[in-house]
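Q: I would like to learn how to read the features of a model such as this one. Could we go through them one at a time, with the general idea before the case?

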Amino acid sequence: MSASSAGFSENVKRAKKGDADAFAKLYATVYKDLYRIALCNLRNEHDAADAVSEAVLDAFASIKKLKDEKAFKSWMIKILTAKIKIKQKGYYTDNSTVDISDVEQEITDNSFDGLEITEAFNRLDESERLVLSLSIVGGYSSDEIAKLCDTKAATVRSKLSRARLKLKDRLSSE
């Protein structure tokens, strides 16, 4: 076991005992990925930040339920995906118009190339955006995404394939 993984495991153990500083150290290892995934799937930076904040609060409150210390990141992302889905459901009841410029700017600022990609990505359906962002931003395999989203790996692979084809078609037609 390396010193960094030993430190990580120790932080998980301390966090499970209610140590907020240990939890903060764990959070520091995943916050960028959490925010990018939220931003890829929500309307703007404020909703993304809210979803991440809510996920972190829930995770801290329930860290004692984390069974596998090595699974902290995927456990956090699973909590985040639930928060993203709740926020997305709220969009359907919100009759206000979407100001997509905030999302486009944030995604562009976070190393996504060009407005065309951002627009094409935003036209994917929510489930396609989620699996694609988990794959690209989070670096998860289809099996891992399936566990995070409580679905079948074949379904994830199908959505990833469909999302990639849609992006390719939309980008080649623009």
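A: We begin with the word contact, which here refers to heavy atoms within 4.5 Å. The model we are reading is a predicted one. Among contacts between residues at least 6 apart in sequence, 67% join residues at least 24 apart.

Q: How many helices and strands does the protein have, and what pattern does the protein follow along the sequence?

A: The protein has 10 helices and 0 strands, and reading along the sequence gives the pattern α-α-α-α-α-α-α-α-α-α.

Q: What share of the residues is buried, and how much accessible surface does the protein have?

A: A residue counts as buried when its relative accessible area is under 20%. In this protein, which has 174 residues, buried residues make up 41%. The accessible surface of the protein comes to about 9,700 Å², and 52% of that surface belongs to carbon and sulfur atoms.

Q: How do the axes of α8 and α9 cross, and which residues make the contact?

A: The axes of helix α8 (residues 126-136) and helix α9 (residues 142-149) come within 10 Å and cross at roughly 130 degrees, which makes α8 oblique to α9. The crossing of these two helices, α8 and α9, is right-handed. On the α8 side the contact is made by L130, V131, L134 and S135, and on the α9 side by I145, L148 and C149. Sorted by class, this contact of α8 with α9 has 6 nonpolar residues, 1 polar residue and no charged residues.

Q: At what angle do α8 and α10 cross, and which classes of residue make up their contact?

A: The axes of α8 and helix α10 (residues 153-173) come within 9 Å and cross at roughly 95 degrees, and α8 and α10 are therefore roughly perpendicular to each other. From α8 the contact draws on S127, E128, V131, L132 and S135, while α10 supplies V156, K159, L160, R162, A163, R164, K166 and L167. By class, the contact of α8 with α10 has 6 nonpolar, 2 polar and 5 charged residues.

Q: What is the phi of D150, and is D150 buried or exposed?

A: In general, most residues other than glycine have a negative phi. In this model, phi of D150 is near 50 degrees, a positive value in a residue other than glycine. D150 lies in the loop between α9 and α10, and because its relative accessibility is 61%, D150 counts as exposed.

Conventions: Residues numbered from 1 in each chain as written. Predicted model: local features only at pLDDT ≥ 70, side-chain atom pairs only at ≥ 80, totals over all residues. Heavy atoms only, no water. Helix = DSSP H or I, 4+ residues; strand = E, 2+ residues; numbered from the N terminus. Buried < 20%, exposed > 50% of the residue type's maximum accessible area, 1.4 Å probe, protein only. Areas by Shrake-Rupley, 256 points an atom, 1.4 Å probe, with all protein chains shown as cover. Axes fitted to C-alpha atoms, helices over the stretch in contact; angles between N-to-C directions. Parallel < 35°, antiparallel > 145°, perpendicular 65-115°, else oblique. Left-handed = near helix turned anticlockwise from the far one by under 90°. Nonpolar A, V, L, I, M, F, W, Y, C, P; charged D, E, K, R; others polar.
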